[in-house]
Amino acid sequence: MSNEEFTTSIRKFLKHLGVTGHQIIEDEVRNAVNKGSIKSGEEIIVSAEIKIEGLNITHKLDGKLVAPD
């Protein structure tokens with residue numbers, strides 16, 4: 001596999017991760033606001049983790065979101 005093909009495969013994975021992750025987060029947070037589980041404007045703590053099988057590598061990101069109106 002060439003470097004270009006390798007880079008393309010990484011970008012495809014990250015695009016898929018970003019698109020599906022965005023959809024899940026948006027849907028679930030909006031549902032929680034609609035149900036009253038969280039309030040509009042409330043800060044939500046989030047984390048994400050990527051693991052690379054066979055290389056024993058884990059990358060974790062932590063962050064905050066604000067619930068929509």
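The model is predicted, so local features need pLDDT of at least 70, side-chain atom pairs count only at pLDDT 80 or more, and totals for chains, interfaces and linings use all residues. Residues are numbered from 1 along each chain as its sequence is written, and side-chain values use heavy atoms, with hydrogens and water left out.

Visitor: What is the area of the nonpolar surface patch?
Guide: Its members are Met-1, Phe-6, Ile-10, Phe-13, Leu-14 and Leu-17. A patch takes residues with over 30% relative accessible area and no salt bridge; like charges are joined within 9 Å, nonpolar side chains (Val, Leu, Ile, Met, Phe, Trp, Tyr) within 5 Å. Areas are Shrake-Rupley values with a 1.4 Å probe, and for residues only the protein chains shown count as cover. The patch area is about 630 Å².

Visitor: Is Met-1 buried or exposed?
Guide: Met-1 sits in the segment before α1 (3-35). Helices (H or I, at least four residues) and strands (E, at least two) are DSSP runs, numbered from the N terminus. Buried means under 20% relative accessible area, exposed over 50%, and partly exposed in between (1.4 Å probe, protein chains only). Met-1 has a relative accessible area of 77%, so Met-1 is exposed.

Visitor: How far apart in space are Phe-13 and Ile-44, C-alpha to C-alpha?
Guide: Phe-13 lies in helix α1. Phe-13 is partly exposed, at 46% relative accessibility. Phe-13 and Ile-44 are 31 residues apart in sequence, and their C-alpha distance is 26 Å.

Visitor: How much space lies in the largest pocket?
Guide: The grid has 1 Å spacing over the protein atoms alone; a pocket is an open set of points where a 1.4 Å probe fits, with protein on both sides within 12 Å along at least five of seven lines, and lining residues have an atom within 4 Å of a point. Points are joined across faces, edges and corners, and the volume is the space filled by probe spheres set on them. The largest pocket holds about 360 Å³.

Visitor: Which element gives the most to the lining of the largest pocket?
Guide: The lining has 13 residues, and those closest to the pocket centre are Leu-17, Gly-21, Ile-25, Ser-47 and Ala-48. Two or more residues each come from α1, β1 (43-52) and β2 (57-66). With five residues, the top contributor is β1.

Visitor: What is the C-alpha separation of Ile-25 and Leu-65?
Guide: Ile-25 belongs to helix α1. Ile-25 is partly exposed, at 41% relative accessible area. Ile-25 and Leu-65 are 40 residues apart along the chain, with C-alpha atoms separated by 9.7 Å.

Visitor: What is the N to O distance in the salt bridge of Glu-26 and Arg-30?
Guide: A salt bridge puts a side-chain nitrogen of Lys or Arg within 4 Å of a carboxyl oxygen of Asp or Glu. Glu-26 and Arg-30 are four residues apart in helix α1, so about one helical turn separates them. Their N to O distance is 3.2 Å.

Visitor: Which residue forms a salt bridge with Lys-64?
Guide: The structure holds three salt bridges. Lys-64 is exposed, at 55% relative accessibility. At 3.7 Å, N to O, the partner is Glu-43.
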